[in-house]
Amino acid sequence: MALPQGANFSQQLLHCWDPIFDSQRHVSDRYNEPFVDVRNDVDATSDLISMFMQAFDENDFCHCATDAVAGFCTGADLSNLQQNPCASTKLVALLDGNSGLTAWGLYQALRSPKVVSKKAHKGNMYIRNGRLYNRKTGHDSKCLPAMKSRTVDKNIHRLFVASLNRWTVIALAANAPMHQASILCEFIFNHLQFDPLINAKVLRDGLPVFAFEFHLPYFALRKHRLPQKDTRRAANGDGLRGYYDITFLRTMSSKADNSPTEYVYEAKVSCLLSGLSRYSWSTHFFNDLYFETDEDAESIEEYLDQGSTGTILDPLTAGKKLMDTLPCEPREYFLVVLEIRLGRIKKEWQQLFAAVNQAIQAYRNDYWDRAVLCMTNNQGSHPDADSERSQLREELQEWMRRSVELLRKFIGPLNQYSEEWKIFQDTGVNYFMTTDNPEHSARLRQSLTSVEQRVTDLRRLLSKLKHTIDSCEDMSRDVNLQIAHENNESALFQQKTAGDVRVLTWITFVNMILAPPLTEDAVC
């Protein structure tokens with residue numbers, strides 16, 4: 001249906017960058033107070049997560065988001081954030097690329113909003129001579145980056161979180177400021193789901209705030225001897241992210257050797273950039289890394305090791321950009337992160353498709369080879385041949401069911417990618433078009449073009465996956481036709497045999513009637 005004339009213009013008016021964000025804004029300190037602290041003065045009976053999720057403003061009859069986040073945080077609360085070993089010793093975050101933080105350290109850093117540098121976070125971890133130590137054991141942890149004497153805008157912050165866990169959510173929920181709480185609790189809820197989202201909006205209910213957000217789910221193909229299960233728990237008690245053993249795509253038989261197994265892991269990267277102006281904004285980035293090793297290039301430890309050499313990489317851009325060279329304009333930075341992350345995820349999807357396609361082709365070739373061998377080895381012994389062919393067909397039906405089910409799981413998110421990008425083009429992209437700086441406009445257009453190209457590549461991959469499903473179903477139809485043909489031949493053979501038996505019976509009967517009676521001499 002064609003849009004009425006002027007519809008495009010209306011969209012630009014409804015979804016546009018507000019010039020108020022181009023100037024320094026001085027707002028009341030109360031907007032920077034933690035939302036839960038303000039709510040605690042009103043409702044002291046609710047737990048931390050319930051108070052935090054009140055900012056999401058769900059209706060009285062449905063609390064899906066609150067239940068999901070509260071269920072994820074089961075067993076974690078602010079009172080034991082410092083004492084819990086996981087919350088106080090495990091590095092889970094990087095703030096402004098400067099130092100590794102535990103959940104407890106993150107809570108402290110956010111409670112006193114400033115760039116963590118040489119003073120590091122308090123609690124069980126401390127810095128001496130550029131290295132991270134545990135206060136309890138005194139043991140050296142990982143190298144911290146050698147801090148450069150550079151100026152950091154205290155009003156711009158970038159937070160990288162590896163495999164968001166319940167303790168990290170507690171730290172974030174306890175410190176989310178009034179102007180950001182509703183955006184952040186929705187962002188956390190969206191990250192816990194497994195759906196794509198690319199969105200840009202301006203909240204005008206109260207203090208105007210802009211928010212750019214993306215969620216990019218994908219499936220990561222890795223070879224491990226044992227599956228790397230996600231120990232985080234969703235509200236229903238299951239692992240937050242699942243995994244699949246795809247060995248069956250290549251063969252339905254058990255693996256004969258002890259070689260690593262191919263697993264496909266559910267994973268997601270999520271990014272939220274929100275702020276009051278182009279001079280005051282923050283970014284939250286969550287990256288699922290539960291299936292990776294500590295030596296992975298995206299691990300907290302690896303980023304810290306890189307920083308120890310004096311090179312501080314931006315983890316939000318997967319280390320592709322130096323912290324010193326990052327754009328300070330929020331829209332430009334958001335598109336740079338989206339462009340880089342979408343490119344990496346596109347490679348994950350392509351690697352997965354190549355492996356799955358190769359495995360399916362190998363199984364198909366092996367099946368037809370076994371089917372031909374079965375017919376060749378059992379010529380003339382129909383019962384044995386029928387039994388072996390029946391076993392082969394049952395195996396094929398099970399393989400078909402599992403293969404198509406798995407491929408449809410892959411297709412779901414890819415379909416949504418295309419839909420989300422179309423919605424973003426209709427509305428969200430307008431926030432990135434309003435600028436008076438030609439150089440800035442050119443950089444925004446370049447990033448948008450790169451993102452568009454990556455989405456187009458994913459659309460092509462989606463078409464290939466659909467074709468793979470069609471080819472699997474074609475194979476099933478070919479086998480069913482072969483079965484029908486064999487059944488038809490068997491029926492014709494049975495009819496012919498039955499006819500021959502009837503003729504033989506009739507001849508025998510006639511011969512008995514026409515045969516001369518035996519004489520006594522013949523009997524003797």
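**Close-up views of a predicted model**

C86 counts as partly exposed, at 30% relative accessibility (buried is under 20% relative accessible area, exposed over 50%, partly exposed in between, with a 1.4 Å probe and protein chains only). The model is predicted: local features need pLDDT of at least 70 and side-chain atom pairs count only at pLDDT 80 or more, while totals for chains, interfaces and linings use all residues. Residues are numbered from 1 along each chain as its sequence is written, and side-chain values use heavy atoms, with hydrogens and water left out.

**View 1. Cysteines C73 and C86.** C73 is buried, with a relative accessible area of 3%, whereas C86 is partly exposed. The structure holds zero disulfides (a disulfide is a pair of cysteine sulfur atoms within 2.5 Å).

**View 2. The largest nonpolar core, around F160.** This core has 87 residues (a nonpolar core is a set of buried Ala, Val, Leu, Ile, Met, Phe, Trp, Tyr and Cys residues joined through side-chain atoms within 4.5 Å). Its largest share, 18 residues, comes from helix α10 (residues 330-377); helices (H or I, at least four residues) and strands (E, at least two) are DSSP runs, numbered from the N terminus. Among the residues with the most contacts inside the core are F160, W349 and F432. Not counting residues up to four places away in sequence, F160 touches residues including V92, L94, F285, Y303 and R341 (contact means heavy atoms within 4.5 Å). Apart from this core lies another, of 52 residues, with C73 and W167 among them.

**View 3. Helix α6 and its cover.** In α6 (residues 103-111), the buried residues are A103, W104, G105, L106, Y107 and A109. The elements that cover them include helices α5 (85-89) and α7 (166-175), and strands β1 (93-95), β2 (99-101) and β6 (156-162).

**View 4. The second largest pocket.** About 640 Å³ of space lies in this pocket. A pocket is an open set of points on a 1 Å grid over the protein atoms alone, where a 1.4 Å probe fits, with protein on both sides within 12 Å along at least five of seven lines; lining residues have an atom within 4 Å of a point. Of the 27 lining residues, K90, A162, S163, N165 and Y290 are the closest to the centre. Helices α4 (64-72), α5, α7 and α9 (300-308) each give two or more residues to the lining.

**View 5. N40 in helix α2.** N40 is found in α2 (residues 35-42) and is partly exposed, at 35% relative accessible area. N40 and M51 lie eleven residues apart in sequence and 7.6 Å apart in space, C-alpha to C-alpha.

Methods
Grid points are joined across faces, edges and corners, and a volume is the space filled by probe spheres set on the points.
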